[in-house]
Amino acid sequence: MKIKQNQSILLGLHLTLFLMFSCSWDQFVLNRVTENTNVKSKAAKELLDKDKITIVLTGTGSPLPSESIQNSTAVFVNGQFLVFDCGDGVAMAMEKLHLPVTEINAVFVTHFHSDHFADLGEVIDRSWLLGRKKNLNVYGPKGITELVNGFLKSYNLEYYYRTKHHGEEIMPSQWSGAKPNEFYPKSDGSSKIVYEKDGVVVHAFFVNHVPVEPAVGYRIEYKGKSIVISGDTADSEVLKKQSSGVDFLISEVMNKSMIANIEKSYETIGNPKFTKIMKDIQLYHIDVSELAKLAEEAKVKTLVLTHMIPFVKGYFQTKSIYKDPVRKEFNGDLIIAEDGKRIEIPLP
Ligand SMILES: [Zn+2]
Ligand SMILES: [Zn+2]
């Protein structure tokens, strides 16, 4: 009898614990979903605020392995969400940063090295899955049509299954995918307007990333403010001309003496493949001192270093490899990019 009594007490206790646990678990999930939704809508409201321009350095890495997401810069201007390049990891990074991906107006690709476009398929797909109900335009130089169409082809079944499963109302097939917009800037160093909407203008210009041709940089202008995104480039007169007097130059950068050291180390240990790669890459990137000189001569107000090769972390390494060489030549403001960093530009 006593055993039966103990068993029923135990059973009651289990039931109470189960009910308590499941009730609080329900509440916990509800709280998390509500909190997450509120955080997202607050972030969207802030970023789409028309009284300022916000730059989000979504990904600041390069093809060399590092802790950083590969290259991507988001610019929020006059309620528009413009994405410049989308290397590996960018789609998830944008969601983790609560960027309003359903509102992306356009993606601009600088060139066809994979660290600048690897996640394009995911950016197109995730923005649609989460609720994009407008065309997504992807801009780029010659080659962008082939690239976008290649992604669309490889995602064809994905689009089909999602709509079939959730229905046309939830996953309208008309907004899946994206539209390529190919442009041809002149090779005389001038820029070409490739995007114009409600006062926001984006120019494209050729940079020097030979043998990668075409390779472009972009200049975004709105209400007297200007931002240049270099793409990948060696030292370039065109980049200097296009950066003249800009508020922000967001540029790739390489510390060539460090890379030359890495090259020498590979040679010493008898690795001809990586010796050659380290030698070659010095030819089509800009050295930190060249960039600082370019920015000073162009009278750039703020220089932002991103796509840093090599990637370094911590105060002392960043200081000696990037900050100190820049400071020898450049007197304007300097920002060392980090994944997720926001830069706000108040508008007049
Ligand atoms: Zn790159
Ligand atoms: Zn490149």
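**Strand pairing, burial and domains in a predicted model**

Me: In this predicted model, what makes β7 and β8 a pair of strands?

Reply: Five bridges join β7 (residues 192-197) to β8 (residues 200-206), and the two run antiparallel. Pairing requires at least two bridges, so five bridges qualify β7 and β8 as paired. K192 has A204 of β8 as its bridge partner, and Y195 stands opposite V202. The hairpin has two residues between the strands, and D198 takes a positive phi near 45° there.

Me: Why are β7 and β13 called edge strands?

Reply: The open sheet has seven strands in the order β7-β8-β9-β10-β11-β12-β13, with mixed pairing. β7 and β13 (333-336) each pair on one side only, and they are the edge strands. Neighbouring strands of this sheet are turned by 20° against each other on average, direction ignored.

Me: How do you know that α9 packs on the sheet?

Reply: α9 touches β11 and β12. A contact requires C-beta atoms, placed from the backbone, within 7 Å. The direction of α9 makes about 160° with that of β11.

Me: What makes the buried residues of α9 line one face of the helix?

Reply: The buried residues of α9 (residues 288-297) are V288, L291, A292, L294 and A295. Seen down the axis of α9, these residues fall within an arc of 160°, so they line one face. An α-helix has 3.6 residues a turn, so residues three or four places apart point the same way. The buried residues of α9 pack against α6 (237-242), β11 (248-254), β12 (302-309) and α10 (315-329). After α9 comes K299, with a positive phi near 60°.

Me: Why is G87 called buried?

Reply: G87 has 26 C-beta neighbours inside 10 Å. The cut-off for a buried residue is 20 or more, so G87 counts as buried. G87 lies in the loop between β3 (80-84) and α2 (90-96). Leaving out residues up to four places away in sequence, G87 touches several others, including G59, I69, D115 and H116. The C-alpha atoms of G87 and E35 are separated by 29 Å, with the two residues 52 apart along the chain.

Me: How do you know that domain 1 and domain 2 are in contact?

Reply: The domain assignment gives domain 1 (1-47) and domain 2 (48-346). Seven residues of domain 1 are in contact with eight residues of domain 2. On the side of domain 1 that touches domain 2, four residues are nonpolar, none polar and three charged. The C-alpha centres of the two domains lie 44 Å apart.

Terms used
Residues numbered from 1 in each chain as written. Chains lettered and ligands numbered in written order. Predicted model: local features only at pLDDT ≥ 70, side-chain atom pairs only at ≥ 80, totals over all residues. Domains from an automatic or database assignment. Contact = placed C-beta atoms within 7 Å. Nonpolar A, V, L, I, M, F, W, Y, C, P; charged D, E, K, R; others polar. Helix = DSSP H or I, 4+ residues; strand = E, 2+ residues; numbered from the N terminus. Buried ≥ 20, exposed ≤ 12 C-beta atoms within 10 Å, placed from the backbone. Arc of directions from axis to C-beta. Axes fitted to C-alpha atoms, helices over the stretch in contact; angles between N-to-C directions.
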